Amino acid sequence: MSNTAPAYSKLLANWTYTPSEWNSYVKITKKLKLEDHIYFGFGILILCTPGLMWIKGTSFFTAILFSAPLALLIPWLRFRFGSPHLKSTKTASYIKIHTNFLNINGQKIPLEGPKKWVKNIKIIEHKEWFLLEFDIAWNTHKGTTNDETRIPIPPSKLQKALELIDTFKNRV
């Protein structure tokens, strides 16, 4: 696990997509992210409710009253602001994969830096797309946490995606 990014940023791949390909990807990825956030919300509800009852001695009703808004609000905020690059478009789209960040239609998504690193990278097969998933980790005061960023692999670029996996895994 490396917490330091390369001093430079080298372009590793440049993929382009038609509007219909991009919009299909956005639809799939939003669905996957929504599913992740729903599980996260349930986790908050399941852990927070008995935790409040046990630690603070509140009633079940009071614990639910407090934990339910958190279980709804936190995942919604993560979904709303966590993926600004997931927007449908009427023009061609692109993804540029650099050594330490992704450029998705002009939105920069850091992969590595002083406090972030690529924990894992893999290919996920989803109905009509292969997705390259970057598992990006960072330290918090209570330990390491992570988030996933998935990008579509153009059909003709599957071999390049395998090379990218080797590139990033060899740096870990």
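Helices (H or I, at least four residues) and strands (E, at least two) are DSSP runs, numbered from the N terminus. The model is predicted, so local features need pLDDT of at least 70 and side-chain atom pairs count only at pLDDT 80 or more, while totals for chains, interfaces and linings use all residues. Residues are numbered from 1 along each chain as its sequence is written, and side-chain values use heavy atoms, with hydrogens and water left out.

**View 1. Overview of the fold.**
The protein has 3 helices and 7 strands, which follow the order β-α-α-β-β-β-β-β-β-α along the sequence. Its C-alpha atoms fill a box of roughly 55 × 35 × 25 Å, taken along the principal axes. Of the 172 residues, 35% count as buried; buried means under 20% relative accessible area, exposed over 50%, and partly exposed in between (1.4 Å probe, protein chains only). The protein exposes about 10,600 Å², of which carbon and sulfur atoms supply 61%. Accessible areas come from the Shrake-Rupley method with a 1.4 Å probe, and for residues only the protein chains shown count as cover. Contact means heavy atoms within 4.5 Å. Among contacts with a separation of 6 or more, 61% are between residues 24 or more positions apart.

**View 2. Phe 61 in helix H2.**
Phe 61 belongs to helix H2, residues 60-82. The residue is exposed, with a relative accessible area of 59%. Phe 61 and Thr 49 are 12 residues apart along the chain, and their C-alpha atoms are separated by 9.1 Å.

Two strands pair if DSSP finds at least two bridges between them. Strands S5 (residues 116-126) and S6 (residues 129-140) run antiparallel and are joined by 10 bridges. Their hairpin has 2 residues between the strands, and Lys 127 there takes a positive phi near 20°. S6 also pairs with strand S7 (residues 143-153), in the antiparallel sense, over 11 bridges. A hairpin of 2 residues joins S6 to S7. Leu 132 of S6 stands opposite Ile 123, and its bridge partner in S7 is Ile 151. Asn 139 stands opposite Thr 144 in S7. In a regular strand the side chains alternate between the two faces of the sheet.

**View 3. The nonpolar cores.**
A nonpolar core is a set of buried Ala, Val, Leu, Ile, Met, Phe, Trp, Tyr and Cys residues joined through side-chain atoms within 4.5 Å. The largest has 29 residues, of which Trp 15, Ile 97, Leu 132, Phe 134 and Ile 151 touch the most other members. Two or more residues of this core come from each of strand S1 (11-17), H1, strand S2 (93-98), strand S3 (101-104), S5, S6, S7 and helix H3 (158-171). A second, separate core of 5 residues includes Cys 48, Leu 52, Ala 63 and Ala 71. Leaving aside neighbours within four places in sequence, the contacts of Ile 151 include Trp 15, Tyr 25, Ile 97, Leu 102, Leu 132 and Phe 134.

A salt bridge is a side-chain nitrogen of Lys or Arg within 4 Å of a carboxyl oxygen of Asp or Glu. The whole structure holds 6 salt bridges. One of them joins the side chains of Asp 147 and Lys 33 (4.0 Å, N to O). Asp 147 lies in strand S7 and Lys 33 in helix H1, so this pair ties together parts that are 114 residues apart in sequence. Lys 33 counts as buried at 10% relative accessibility, whereas Asp 147 is partly exposed at 24%. Beyond its neighbours within four places in sequence, Lys 33 is in contact with Phe 79, Ser 83, Asp 147, Glu 148 and Arg 150. The side chains of Asp 36 and Arg 150 also meet in a salt bridge (3.3 Å, N to O). Because Asp 36 lies in helix H1 and Arg 150 in strand S7, this pair too ties together parts that are 114 residues apart in sequence. Asp 36 is partly exposed, with a relative accessible area of 30%, and Arg 150 is buried at 10%.

Lys 160 forms a salt bridge with Glu 163, with the closest N and O atoms 3.9 Å apart. The two residues are 3 residues apart in helix H3, so they are separated by about one helical turn. Lys 160 is partly exposed at 29% relative accessible area, as is Glu 163 at 38%.
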